[in-house]
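Reader: I would like to learn how to read a few features of a structure. Please take them one at a time.

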Amino acid sequence: MGSDPQYAKWPLLPLAQHVFTLTNPYAARPAQQAAVKNLQDAITEHKMAPFYRYLAHPTEGVLNSVGEGGSNTAAAGRLGRKSSIAAGMIATHKPTTSLSLPWDENLYQQLQAENEKELEEFQKEEDEAVEKAGDTEIQAAKGKRAEFWARVGDKEKAIAAHQDLLEKTGILGTKIDLVLALIRLGLFFGDKQLVQKTVERAKSLVESGGDWDRRNRLKAYEGLHLLTVRNYSGAAPLLLDSLSTFTSYELCTYSNLVVYAVLAGSVSLKRVDFKSKVVDAPEIKAILGDGEDKLLALTGAISAGPGADASMQDADSAPAAARTAVVNLTTLGSSTEQPEAEMAVDFDPLAQLVSSLYNGRYKLFFQALALVEEQFLTQDRYLHEHKNWFIREMRLRAYQQLLQSYRVVGLDSMANDFGVTVDFLDRDLAKFIAAGRIPCTIDRVNGKGVIETNRPDDKNKQYQDVVRQGDQLITKLQKYGQAVRLRGSERA
């Protein structure tokens with residue numbers, strides 16, 4: 001067992017979601033009002049003077065398209081400089097919401113004074129540690145300073161403080177914790193380059209001897225990062241693997257992890273893997289299932305492992321008092337370290353999306369896809385940026401799934417299956433056909449129109465691949481032979 005995680009509390013990632021909600025044109029007004037209140041309460045409680053200035057300053061705040069004391073030109077320049085940093089936190093570079101985070105100069109001065117007082121105490125503690133104590137106490141004092149900058153939302157100083165600690169720390173577990181804290185700072189401010197660089201560093205540290213808990217935590221961190229850069233095929237296995245061992249509540253809630261894992265798996269996994277890892281996965285059934293399936297998953301009677309039948313027999317034969325109680329997985333890990341209580345989530349659209357896609361009920365699938373877009377894709381800061389791509393890829397997946405079973409399909413019949421008009425289906429399919437994503441042709445000259453698939457023969461394709469790879473190998477061998485003969489002649 002490794003040591004307990006350190007530096008895992010700050011920054012509070014839900015605050016970045018509140019900023020996103022405040023600037024999100026798809027968010028309901030009550031949600032935006034709640035976001036403003038949560039931000040105000042957090043800024044006051046945690047004395048977040050730098051973060052308050054970063055958000056709400058009249059001329060420099062990222063929430064102000066035009067500052068109270070600035071001009072359009074100044075605002076445009078400010079947004080241009082900070083656009084790359086704020087892109088992952090605000091929904092748009094030109095917030096149009098009627099709500100805003102008001103700027104209070106007196107509050108800012110008060111928070112700043114309290115921050116300076118805390119910094120003086122940290123400096124005093126560090127000086128005493130240098131004079132009277134050893135390296136451990138000095139590092140502990142510097143660690144408090146690093147956590148302070150992360151708490152108050154000063155990105156540059158927080159990164160510098162964590163980097164300084166990282167360079168002077170020799171304990172591997174502490175190094176990994178510091179790197180994970182840097183990843184959260186990058187996620188908090190939407191700095192994808194920082195996250196990418198730091199994830200690679202964390203992976204190398206974990207491979208050099210990280211403990212089991214930190215390895216599992218890194219899976220969730222890396223999976224979420226890949227989700228933000230639209231690498232859903234890479235994110236899916238990591239997020240799905242994290243479901244059964246998830247402890248990274250500083251990163252996101254368990255409900256959010258389920259949403260991310262299901263969406264990533266739905267759009268990227270092959271049908272066989274989609275069945276085993278999403279549709280039939282016990283961790284997902286415990287959340288998305290209904291009736292008996294959900295109860296069996298929660299009690300552990302459904303298992304993906306080879307000993308599922310034996311486990312069920314043991315459970316049936318055990319005394320009633322010794323049987324495992326039903327557990328609500330969405331509340332697991334809800335300790336005092338969790339930044340915010342997990343809110344109830346309606347998973348019905350997500351469950352409907354998964355079941356209708358797998359069972360080929362395409363009209364219901366399109367309806368569920370619209371609900372998933374409305375409830376999840378437009379409301380989450382990690383999913384919002386790629387929502388149009390996700391919707392397009394899910395439509396493509398449904399089209400491919402239906403067409404691969406037929407040689408010829410009537411256009412009106414397929415439109416009826418999907419619950420759309422013939423003209424819409426014609427236009428939508430045409431885009432995918434032109435891009436080479438669907439191997440078929442549409443003939444609307446005769447009758448109401450038909451779709452004829454022209455899938456390549458698998459055996460012929462394999463033969464062509466072997467021939468092409470053989471030609472490449474022969475070419476490489478010829479070049480190698482020429483180089484060897486040339487060197488031999490030079491020696492002669």
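Author: Start with the cavity. This is a predicted model, and the residues that line its largest cavity are W10, P11, L12, L15, H46, M48, A150, R151, G153 and F188.

Reader: How many cavities of 30 Å³ or more does the count give, and what volume does the largest cavity have?

Author: The count gives one cavity of 30 Å³ or more. The volume of the largest cavity is about 40 Å³.

Reader: What classes of residue make up the lining of the largest cavity?

Author: The lining has seven nonpolar residues, two polar ones and one charged one.

Reader: W10 and P11 are both in that lining. Is the peptide bond from W10 to P11 cis or trans?

Author: The bond from W10 to P11 is cis, and its omega is near -5°. P11 sits in the segment before α1, the helix of residues 13-23. Y7 also has its place in the segment before α1. The phi of Y7 is near 55°, which is a positive value in a residue other than glycine.

Reader: Next, helix packing. What describes two packed helices?

Author: Two packed helices are described by the angle between their axes and by the distance between the axes. Here the pair is α3 (residues 49-56) and α5 (residues 105-132), whose axes come within 8 Å and cross at roughly 145°. On the α3 side the contact is made by A49, P50, Y52 and R53, and on the α5 side by L107, Y108, L111, Q112 and N115. Sorted by class, the contact of α3 with α5 has six nonpolar, two polar and one charged residues.

Reader: Now the sheet. In what order do the three strands stand?

Author: The order is β1-β3-β2, in an open sheet with antiparallel pairing. β1 (408-410) and β2 (440-443) stand at the edges with a single partner strand each, so one side of each has no neighbour in the sheet. From one strand to the next the twist averages 20°.

Reader: Over how many bridges do β2 and β3 pair?

Author: β2 pairs with β3 (residues 450-453) over four bridges, in the antiparallel sense. I442 stands opposite I451 in β3, and C440 stands opposite T453 in β3. The hairpin of β2 and β3 has six residues between the strands, and G447 in this hairpin takes a positive phi near 70°.

Reader: Which helix packs on the sheet?

Author: Helix α20 (residues 411-418) does, and it touches β1, β2 and β3. The direction of α20 makes about 70° with that of β1.

Reader: Last, confidence. What is the mean pLDDT of the protein chain, and where does pLDDT stay under 50?

Author: The mean pLDDT is 83, and 79% of the residues in the chain reach 70 or more. One stretch where pLDDT stays under 50 is residues 66-85, for which the model has 27 contacts beyond four places in sequence. Residues 303-340 also have pLDDT below 50, and this stretch has 33 contacts in the model beyond near neighbours in sequence.

Definitions and conventions
Residues are numbered from 1 along each chain as its sequence is written. This is a predicted model: local features need pLDDT of at least 70, side-chain atom pairs count only at pLDDT 80 or more; totals for chains, interfaces and linings use all residues. Side-chain values use heavy atoms; hydrogens and water are left out. On a 1 Å grid over the protein atoms alone, a cavity is a set of points where a 1.4 Å probe fits but cannot get out, and a pocket is an open set with protein on both sides within 12 Å along at least five of seven lines; lining residues have an atom within 4 Å of a point. Grid points are joined across faces, edges and corners, and a volume is the space filled by probe spheres set on the points. Ala, Val, Leu, Ile, Met, Phe, Trp, Tyr, Cys and Pro count as nonpolar, Asp, Glu, Lys and Arg as charged, and the others, Gly among them, as polar. Two strands pair if DSSP finds at least two bridges between them. Helices (H or I, at least four residues) and strands (E, at least two) are DSSP runs, numbered from the N terminus. Axes are lines fitted to C-alpha atoms, for helices over the stretch in contact, and angles run from 0 to 180 degrees between N-to-C directions. Contact means heavy atoms within 4.5 Å. pLDDT is the predictor's confidence in each residue, from 0 to 100.
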